[in-house]
Amino acid sequence: MLKKYYTVKGDGEHEIIIQKSRFIAHIHRATTEEEALHFIQEIKKKHWNATHNCSAYMIGQQNQIQKANDDGEPTGTAGIPMLEVLKKRDLKDTVVVVTRYFGGIKLGAGGLIRAYGKSTSEGINATGIVERKRMTIITTKIDYTWLGKIENELRSSIYQIKDIHYLDHVEIETYVEEDDHETFINWITELTNGQATITVGESLYLEFEVDPQ
């Protein structure tokens, strides 16, 4: 599994007008091709009377599945430019559908490429991007006499506290990046003069919002 990667925050929708044509970008996070195709069909049903519902998606942590569909626009003027935006931003597990309602003015091949690319890019910006980082939950078990010091040190550090359990001893669960286990454990051990019991637990992805590029 990747230690970190970028994807869209969730579902989003954004509309722009170009030469009287409406371009509506629909953004969705999909972890399988089946989910991406289902989303595309849902948008097509919703906008059944649109001139075009063009789509692109990139699925898999290694971008194993990359597909684009022009849905009746001239070949290479819609789906491919949309997919290129996903590839340039390296947005994994992401599907985009751009719905076009024709406004009566033809844009030409170059105009279409720019329009679909712009619609996709602005739709992604409006939806938001997150970085998913693989983190491990490390539990620090200490006596209550250490609680104030350790909690203060953690809250002023780069580490994020997941939870604190007040039992016979205090157990502090902290999210730690996978490459940082040894540094974190050594740091806690030094802070507590070796009086902490430290347990490495499960790993999972946490999401952090990032500024759109």
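Is threonine 139 buried or exposed? I looked this up before anything else. Threonine 139 is buried, with a relative accessible area of 16%; buried means under 20% relative accessible area, exposed over 50%, and partly exposed in between, with a 1.4 Å probe and protein chains only.

**Basis.** I am working on a predicted model, where local features need pLDDT of at least 70, side-chain atom pairs count only at pLDDT 80 or more, and totals for chains, interfaces and linings use all residues. Residues are numbered from 1 along each chain as its sequence is written, and side-chain values use heavy atoms, with hydrogens and water left out.

**Threonine 139.** I placed threonine 139 in strand S7. Helices (H or I, at least four residues) and strands (E, at least two) are DSSP runs, numbered from the N terminus. I then listed the contacts of threonine 139, leaving aside neighbours within four places in sequence: Glu171, Ile172, Glu173, Thr197, Ile198 and Thr199. Contact means heavy atoms within 4.5 Å. I also noted aspartate 163, which is 24 residues from threonine 139 in sequence and 9.3 Å away in space, C-alpha to C-alpha.

**The five-stranded sheet.** I traced an open sheet with the strand order S2-S3-S6-S4-S5 and antiparallel pairing. S2 (12-18) and S5 are the edge strands, each with a single partner, so one side of each has no neighbour in the sheet. The twist averages 15° from one strand to the next. Two strands pair if DSSP finds at least two bridges between them.

I went through the pairings of S6 next. S3 (residues 21-29) pairs with S6 in the antiparallel sense over eight bridges, and seven bridges join S4 to S6, also antiparallel. Arginine 100 in S6 has phenylalanine 23 opposite and histidine 52 opposite. Valine 98 in S6 is the bridge partner of alanine 25.

How many of the eight residues of S6 are buried? I found eight of the eight buried, so S6 is largely enclosed by the rest of the structure. In a regular strand the side chains alternate between the two faces of the sheet.

I checked how H2 and H3 lie. H2 lies across S4, S5 and S6 and runs at about 30° to S4. H3 lies across S2, S3, S4 and S6 and runs at about 145° to S2. Axes are lines fitted to C-alpha atoms, for helices over the stretch in contact, and angles run from 0 to 180 degrees between N-to-C directions.

The buried residues of H2 are Gly79, Pro81, Met82, Leu83, Val85, Leu86 and Arg89. They pack against S4 (52-59), S5 (65-69), S6 (94-101), H3 and S7 (129-142).

**H2 against H3.** The axes of H2 (residues 79-89) and H3 (residues 108-127) come within 8 Å and cross at roughly 45°. H2 and H3 are therefore oblique to each other; angles under 35 degrees count as roughly parallel, over 145 as roughly antiparallel, 65 to 115 as roughly perpendicular and the rest as oblique. I noted the crossing as right-handed: the near helix is turned clockwise from the far one by less than a right angle. Pro81, Met82, Val85, Leu86 and Arg89 in H2 meet Ile113, Tyr116, Gly117, Thr120, Ser121, Ile124 and Asn125 in H3. By class this contact has seven nonpolar, four polar and one charged residues. Ala, Val, Leu, Ile, Met, Phe, Trp, Tyr, Cys and Pro count as nonpolar, Asp, Glu, Lys and Arg as charged, and the others, Gly among them, as polar.

**H4 against H5.** I found the axes of H4 (residues 147-155) and H5 (residues 181-191) within 11 Å, crossing at roughly 145°. This crossing is right-handed. Lys149, Ile150, Glu153 and Leu154 in H4 meet Phe184, Trp187, Ile188 and Leu191 in H5, a contact with six nonpolar, no polar and two charged residues.

**Positive phi.** Aspartate 71 has phi near 45°, sits in the loop between S5 and H2, and is partly exposed at 26% relative accessible area. Asparagine 193 has a positive phi of about 55° although it is not a glycine. Asparagine 193 lies in the loop between H5 and S10 (197-210) and counts as exposed at 59% relative accessibility.
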